[in-house]
Amino acid sequence: MDRLEKSKEKYKQLFGDGVPAANATDPDFQDILSHFIFGEVFYQGNLDDKQRELITLVVLTTSESLPQLKAHIGAALKVGLTPVEIKEAIYQCAPYIGFPKTLNAIQEVNEVFKSMNIALPIESQKQVDEENRFEKGLAVQVEIFGDVIAKNRGSAPSNQKHIQDFLSAFCFGDFYTRSGLDLKTRELLTLCIVSSLGGAEGQVKAHVQGNLNVGNDKETLITAITHCLPYMGFPRTLNALACVNEMIPEN
């Protein structure tokens, strides 16, 4: 199949037989979009459609592109993602983009779920309590990043040590420990989230290393960032790829 045929097939798989609204007003633009995203990007690299839709969901959440997010929630269900996996991907965004944008995305998810008679709330994936969220979060941090965590905690100024505690207990304890998505998936999604923020290259580099440490290879990282391209644009994509190449140089 050429890319036009691929785009038609992939679009139908994700969204059914409907016609995009932009076809009536901006057909040229819609053709460029569909042929590139669904005829090229979706076929580049080593990710399956479930992984691609999870990435799409978190990047759209990060940019607060809510109408497009709503459409891709339905697409995510069509390719076989569960309500739990969808919710967990959105929740994973919170430490990086803040609660307001995440809550806006959750509202879109809930509207789609209600329209499809998916019962809410979905089952809890919580794995920590008040007594162990810090301890378990720190353990996940060390599993992902290794000895650098102790170094960062030890070198933090006394008036900023609470930030390191928040990272361990909140970001990693409250979110990374949850079931519903495995650690490799969460870390890959986090790389996509921080890449799509722009201006967070230090964190992108850290999460490139974190991805390597949990078993995601360079090919997977390049494919994931490439999949972000249509949603975050070339500048942020190129910056993220530069971070990947710096951390994992070409032979």
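Let me begin with a term: rings of Phe, Tyr and Trp, the last by its six-membered ring, count as a pair if their centres lie within 6.5 Å. In this model, which is predicted, Tyr11, Phe15, Phe38 and Phe42 form one aromatic cluster on that basis, and the structure as a whole holds eight aromatic pairs.

I will take two of these in turn. The ring centres of Phe145 and Phe172 are 6.0 Å apart and the planes stand at 90 degrees, so this pair is edge-to-face. Since Phe145 belongs to helix H9, residues 133-145, and Phe172 to helix H11, residues 161-176, the pair ties together parts that are 27 residues apart in sequence. Both partners are buried, Phe145 with a relative accessible area of 16% and Phe172 with one of 3%. For Phe170 and Phe175, the centres are 5.4 Å apart with the planes at 80 degrees, so that pair is edge-to-face as well; here, however, Phe170 counts as partly exposed at 24% relative accessibility, whereas Phe175, at 10%, counts as buried.

A charge over a ring also deserves mention: Lys6 lies over the face of Tyr43, at 4.9 Å from the ring centre.

How values were computed
Residues are numbered from 1 along each chain as its sequence is written. This is a predicted model: local features need pLDDT of at least 70, side-chain atom pairs count only at pLDDT 80 or more; totals for chains, interfaces and linings use all residues. Side-chain values use heavy atoms; hydrogens and water are left out. Rings of Phe, Tyr and Trp (its six-membered ring) pair if their centres lie within 6.5 Å; planes under 30 degrees apart count as stacked, over 60 as edge-to-face and the rest as tilted. Helices (H or I, at least four residues) and strands (E, at least two) are DSSP runs, numbered from the N terminus. Buried means under 20% relative accessible area, exposed over 50%, partly exposed in between (1.4 Å probe, protein chains only). A charge sits over a ring if NZ of Lys or CZ of Arg is within 6 Å of the ring centre and within 35 degrees of the ring normal.
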